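Hi everyone, thanks for coming. Let's have a look at this one together and talk through a few of its side chains.

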Amino acid sequence: MYRLETKIVNEIGFHARSVSEFVKIAANYKSAVFLEYMGRPINAKSVVGLLAAAIPKQSEIAIYAMGPDEEKVVNELVKFIENNY
């Protein structure tokens, strides 16, 4: 398992367009990928799960993955979040 922590920096939080792009990135990898918010793991390949979490700006999250390309997918998703998507 590979895991990194980051913070939501977008002014309107983790909104529909950003969630959609996030899921597209995660879906390109073979690893099982999760976003953890408030101690709750959410499948990073699930638009519905991520939208239901309603993650606001400045929230601390963790992104982790398990599988053959775990480091690559986690690094790409953290970069996406930190670049204010």
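So, how many salt bridges does a search of the whole structure find? The search finds four. By salt bridge I mean a side-chain nitrogen of Lys or Arg within 4 Å of a carboxyl oxygen of Asp or Glu. Side chains of opposite charge can pair when their charged atoms come close.

Before we go on, a word on what we are looking at. This is a predicted model, where local features need pLDDT of at least 70 and side-chain atom pairs count only at pLDDT 80 or more, while totals for chains, interfaces and linings use all residues. Residues are numbered from 1 along each chain as its sequence is written, and side-chain values use heavy atoms, with hydrogens and water left out.

Please find Glu-36 and Arg-3. Their side chains meet in a salt bridge, at 3.2 Å from N to O. This pair links distant parts of the chain, since Glu-36 sits in strand E2 (residues 32-37) and Arg-3 in strand E1 (residues 2-7), 33 residues apart. Helices (H or I, at least four residues) and strands (E, at least two) are DSSP runs, numbered from the N terminus.

How open are these two to the outside? Glu-36 is partly exposed at 22% relative accessibility, and Arg-3 is partly exposed too, at 34%. For those words, buried means under 20% relative accessible area, exposed over 50%, and partly exposed in between, with a 1.4 Å probe and protein chains only.

Next, which residue forms a salt bridge with Glu-11? That partner is Lys-57, with the closest N and O atoms 2.8 Å apart. Here again distant parts of the chain are linked: Glu-11 is in the loop between E1 and helix H1 (16-27), Lys-57 is in the loop between H2 and E4, and they are 46 residues apart. Glu-11 is exposed, at 60%, whereas Lys-57 is partly exposed, at 31%.

Lys-24 and Glu-21 form a salt bridge at 3.5 Å, N to O. Both lie in helix H1, three residues apart, about one turn of the helix. Salt bridges that share partners also join Arg-3, Glu-5 and Glu-36 into one network.

Last stop: the backbone. Ala-54 has a positive phi of about 50 degrees although it is not a glycine. Ala-54 lies in the loop between helix H2 (47-53) and strand E4 (60-66), and this residue is exposed, at 55%. Gln-58, in the loop between H2 and E4, has a positive phi near 70 degrees and is not a glycine either.
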